[in-house]
Amino acid sequence: MNGTRRRATILGAAATSVVAGVALLPNWSAGAAVLDDPTVDARTKATFQRLADAVFTDRTNALVDGGQTGPDKPLTDGFSGDVTLSSGTARSEDATRSALGQRKERLARAGETYRKAGTTVTLDATRVTGRTAKATVTETTTLTYAGARGDAPTTTGFQSRHELTFKADRQGDWRLTGIRDTGQGGLAVNTLSKPAPVKATAAADTMPNAPRAATTRNPAAVPKTGTTYDYKAMAAYAEKHWKVYNKDYPDFSGRGAGGDCTNFVSQSLKAGGWKHAPGYVYDYTKWFGNAEIQSHSFVGVNEWSWFAQNSKRTKPLANVYQLEVGDVLQMDFDRDGSKDHTMIVTSKSGGVPYLTYHSTNTLRRSVASLVASDPNAYYYAYRT
């Protein structure tokens, strides 16, 4: 054994006697405590990935019509031995699946159900420090809408990144003790955690304040009549780049600066005909963005709202269900007056707008799903 590492403590070794000057070797007892820092080899990493896949598949299945919503037979129950859930994490996941089952009921009341789903998880990186391992993973989930007809989207999908914490017990077995959403969590349909919003500055009190939009179903229709912009091009851009980012722009996902949501929507609007308004980057009356430089209004949630209203490029809508393709929806999760998230409509069918956005990367999520998942948020709808 390397002299720089602690020697293993051997418990339960049989007492031996010295015969002919040769000492009998001690026996290792079953279940002996291993005090050396355990290693994470390729097999262990693969098991980390499989357990993560089981965790997020269990969550997704809780949303599927006829899927498992309780703690009876989750996929994670199939793990034991070297890598498994800690007892605390098992209880937490039971509660999460139960809460998602309640969300499924709210979605059904809003007219939305899923008939099947698929979830896969890739292991991006593993960092081991002593007896703690941090695994970063990417979850990719697709949900199939039940009863989709006509031009309605048949599926919705998202990519979400998570950090899983594993700790080794005295026997060297790994227990999953923590799950943390990275970037802007809480925006995936199978996630309960809320994003950590970046708050506006005090100057927000003096800026143009968009009116809140109602979330009731079947409002009076407000059809689009303008031809200044190419709304299909906006939608096509967003659906092309919802998970394959355009390298002609910076990627703000996971940088702790509020995520990439508004940057992505600005790119989509630009693809449909919004022109640059060049100037000082901090001036909210200016709007521009490329690989080297972006105005705050191009990448900031509140700054975009101020520019959109001041420039008259948008008009407020009274209800989120009045949104049409190319329109923009923003959310204020904690209702503090500072907006936290920006999305763009890329499809509409049966009076329901479907939104595509970054951080969490999401394709065609219905307004009904957003409202059912965050009924207490404030919503702001913009006609572009």
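This is a predicted model: local features need pLDDT of at least 70, side-chain atom pairs count only at pLDDT 80 or more; totals for chains, interfaces and linings use all residues.
**View 1. Helix 6, tucked in among its neighbours.**
The buried ones are Val301, Asn302, Trp304, Ser305, Trp306, Phe307, Ala308 and Gln309. What do the buried residues of helix 6 pack against? On the helix side, their partners are helix 4 (261–271) and helix 5 (296–299). On the strand side, they pack against strand 9 (328–332), strand 10 (341–349) and strand 13 (378–383). Look just past the end of helix 6 and you'll find lysine 312, with a positive phi of about 65°.

**View 2. Helix 3 and its buried face.**
In helix 3 (residues 231–241), the buried residues are Tyr231, Met234, Ala235, Tyr237, Ala238 and His241. Look down the helix axis and these residues fall within an arc of 160°, so they line one face of helix 3. Their cover includes helix 4, strand 10 and strand 11 (352–357). Now check the face turned away from that buried side: here sit Lys232 and Lys240, both exposed. At the start of the helix, a side-chain oxygen of aspartate 230 comes within 3.3 Å of the backbone nitrogen of lysine 232.

Is threonine 57 buried or exposed? Its relative accessibility is 12%, and buried means under 20%, so threonine 57 counts as buried. A polar atom of its side chain lies 2.7 Å from the backbone oxygen of aspartate 53. If you set aside neighbours within four places in sequence, threonine 57 is in contact with Leu75 and Thr119.

**View 3. Strand 6 and the strands it pairs with.**
Strand 6 (residues 155–168) has 11 of its 14 residues buried, so it is largely enclosed by the rest of the structure. Which strands does strand 6 pair with in the antiparallel sense? One is strand 5 (residues 132–145), joined to strand 6 over 13 bridges; in this pairing, alanine 133 has phenylalanine 166 as its bridge partner. Another is strand 7 (residues 174–181), over 7 bridges, with alanine 168 opposite tryptophan 174. Strand 12 (residues 361–366) pairs with strand 6 too, over 3 bridges, and there glycine 157 stands opposite leucine 363. Finally, spot the hairpin of strand 6 and strand 7: 5 residues lie between the strands, and glycine 172 takes a positive phi near 90°.

Notes:
Residues are numbered from 1 along each chain as its sequence is written. Side-chain values use heavy atoms; hydrogens and water are left out. Buried means under 20% relative accessible area, exposed over 50%, partly exposed in between (1.4 Å probe, protein chains only). Helices (H or I, at least four residues) and strands (E, at least two) are DSSP runs, numbered from the N terminus. Contact means heavy atoms within 4.5 Å. The arc is that of the directions from the helix axis to the C-beta atoms. A polar contact is a pair of N or O atoms within 3.5 Å; within protein, one must be able to donate a hydrogen and the other to accept it, and residues adjacent in sequence count only if both atoms are side-chain atoms. Two strands pair if DSSP finds at least two bridges between them.
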